[in-house]
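Welcome to this short tour. Open your viewer, get ready to select residues, and follow along one stop at a time.

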Amino acid sequence: MFHGTHYIGDEILAHFQEGEEWRKTFGPFFVYLNSTNNVSNAYNLWEDAKKQRLLEEAAWPYEFVSSSYYLTAKGLGSATGRLYVQDRFISGSLIPAKRAYVGLLAARTAGAWHTESKDYQLWVQTDSNGYFTIKNVIPGVYGLHGWVPGFIGSETQLGNLTYVPRRDGPTVWEIGFPDRTALGYYVPDVNPALSTNCLSIVQRSSGNMACGTDTRICILYQIKRSQSESTIQKRNGSLLT
């Protein structure tokens, strides 16, 4: 699936010219397995896995890989900046783009990150003041891309980063929130044959759902631990894996 067409189709495929030289390093990959004999403690496995993820992120890039195609920390750089939003229908001043997504990739055309798969993409989220740092950047020439939850569109820009959303006037009303998820949309009762325990909990508690796996739905809606544990028991400890 590294170069498959699962989501978009042929547009996301990497295309190569006759005789073109190309190289891209995947991995190494880390698989973390944990277990418990007590089903009621199964939710703690998820918390434990998240803690391990933080440890692995701090240790990246690993030093044990011995390949000329794999760069360690000494051979990598970083990109730091701040992103603002300029929307005169909301504020007369620049708005710090909090929790926005900022990424580097070889393609420089606005929106190209949707289909770029040939080279690397490096993404981070800004903090509450719009600041960001992209670490472990492989030396090269990149375009800087970004999109901001709550504002439609995405842009490519270098230098003083100010995002101006596309709009023709102030927002009168809207369905949902433009954050590239389906969070907040109402979903009627589903066919019981197609429903899962976790999805049923989400619908009973809020009447809403988000696209994605059962795990993602539980995270987005922060289902109470007692509910999650009940679901885990019904699903033999396989909910959050």
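The expected span of a helix is 1.5 Å times one less than its number of residues, where helices (H or I, at least four residues) and strands (E, at least two) are DSSP runs numbered from the N terminus. This is a predicted model, in which local features need pLDDT of at least 70, side-chain atom pairs count only at pLDDT 80 or more, and totals for chains, interfaces and linings use all residues. Residues are numbered from 1 along each chain as its sequence is written, and side-chain values use heavy atoms, leaving out hydrogens and water.

**Stop 1: helix H1.** Select residues 42-59, which make up H1. Its 18 residues should span 26 Å at 1.5 Å a residue, and the end C-alpha atoms are 27 Å apart, which agrees. Now colour the buried residues of H1 (under 20% relative accessible area, with exposed over 50% and partly exposed in between; 1.4 Å probe, protein chains only). They are Ala-42, Tyr-43, Leu-45, Trp-46, Gln-52 and Glu-56.

**Stop 2: before the helix.** Next, pick Phe-16, in the segment before H1. Phe-16 counts as partly exposed because its relative accessibility is 41%.

**Stop 3: the core.** Which residues have the most contacts inside the largest nonpolar core? Select Ile-134 and Val-148, which hold that place in a core of 14 residues. A nonpolar core is a set of buried Ala, Val, Leu, Ile, Met, Phe, Trp, Tyr and Cys residues joined through side-chain atoms within 4.5 Å. Strands S1 (77-85), S3 (101-105) and S5 (131-137) each supply at least two residues of this core, and S5 gives the most, with three.
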